[in-house]
Amino acid sequence: MKGTDLSERSVSGADLTGRPMRCAILEGSTLDNELLSKVKLIRANLHRASLRSTVLTNVDLTGADLTRADLGAATLRKVDLSGADLREVVLADRAALTDVGLRRARLEEADLRQALFTRSDLSGANLHEADLSGASFVSSNLRGADLEDANLTGVTWSDVVCPDGRKSGGASESCAGHLTPAR
């Protein structure tokens, strides 16, 4: 379903399981409390889409536009957001990201308060001015990530590769002093 246009619609109850929807247009759509599994939304437009409390499992969002999308309290498992545009996205309210690929993703000014990143790859991601207050990174990779002017108040770092390539230790060791991205 290349280029399917579902913009500004409520997509509640739609079964998208296993559907290839490359370049789909879901701008401003509502997918709250849905379960999206094995969906290919490569380069899809989800600008301003609402996916609050949605569960995404094995979803390919490579290169997708999720600017200003709301994924508050969402659960993402094995989701590929490599190269995706997530500027000003909301992934707060204890959103859980497990085995998520965010390589080279744009997360400038993103709201990531209290998000939990487990075994996630944020290498080379741009988190400039992102709000990460209260977020937790567990067994994740932030090598080369840009955290300039990000709010890191209360961030927990556990077994993390810091932006400069240094490995943090357990919960008591942080990436403080190791936030300059490795080149």
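Glu27 is partly exposed at 25% relative accessibility, where partly exposed is the range between buried (under 20% relative accessible area) and exposed (over 50%), with a 1.4 Å probe and protein chains only. This is a predicted model, in which local features need pLDDT of at least 70 and side-chain atom pairs count only at pLDDT 80 or more, while totals for chains, interfaces and linings use all residues. Residues are numbered from 1 along each chain as its sequence is written, and side-chain values use heavy atoms, leaving out hydrogens and water.

**Salt bridges**

Side chains of opposite charge can pair when their charged atoms come close. With a salt bridge defined as a side-chain nitrogen of Lys or Arg within 4 Å of a carboxyl oxygen of Asp or Glu, the count is 12. Among them are the following pairs.

| Pair | Closest N and O atoms |
|---|---|
| Arg48 and Glu27 | 3.6 Å |
| Arg52 and Asp70 | 2.9 Å |
| Arg87 and Asp85 | 2.6 Å |

Arg48 forms a salt bridge with Glu27. The partners are 21 residues apart: Arg48 is in the loop between strand E1 (35-37) and strand E2 (55-57), and Glu27 is in the segment before E1. Strands (E) are DSSP runs of at least two residues, numbered from the N terminus. Arg48 is partly exposed, at 37%.

Arg52 forms a salt bridge with Asp70. This pair spans 18 residues, from the loop between E1 and E2 to the loop between E2 and strand E3 (75-77). Arg52 is partly exposed at 28%, and Asp70 is partly exposed at 21%. Salt bridges link Arg52, Asp70 and Asp93 in a network.

In the pair of Arg87 and Asp85, Arg87 is partly exposed at 31%, whereas Asp85 is buried at 14%.

**Aromatic pairs**

Rings of Phe, Tyr and Trp (its six-membered ring) pair if their centres lie within 6.5 Å; planes under 30 degrees apart count as stacked, over 60 as edge-to-face and the rest as tilted. The whole structure has 2 such pairs. Phe117 and Phe137 are stacked because their ring centres are 4.8 Å apart and their planes meet at 10°. Phe117 belongs to strand E5 (residues 116-118) and Phe137 to strand E6 (residues 136-138), 20 residues apart. Phe137 also stacks with Trp157, at 5.4 Å centre to centre and 15° between the planes. Trp157 lies in strand E7 (residues 156-158), so this pair ties together parts 20 residues apart in sequence.

Phe117 is buried at 2%, Phe137 at 0% and Trp157 at 6%. Ring pairs link Phe117, Phe137 and Trp157 into a cluster.

How values were computed:
Helix = DSSP H or I, 4+ residues; strand = E, 2+ residues; numbered from the N terminus.
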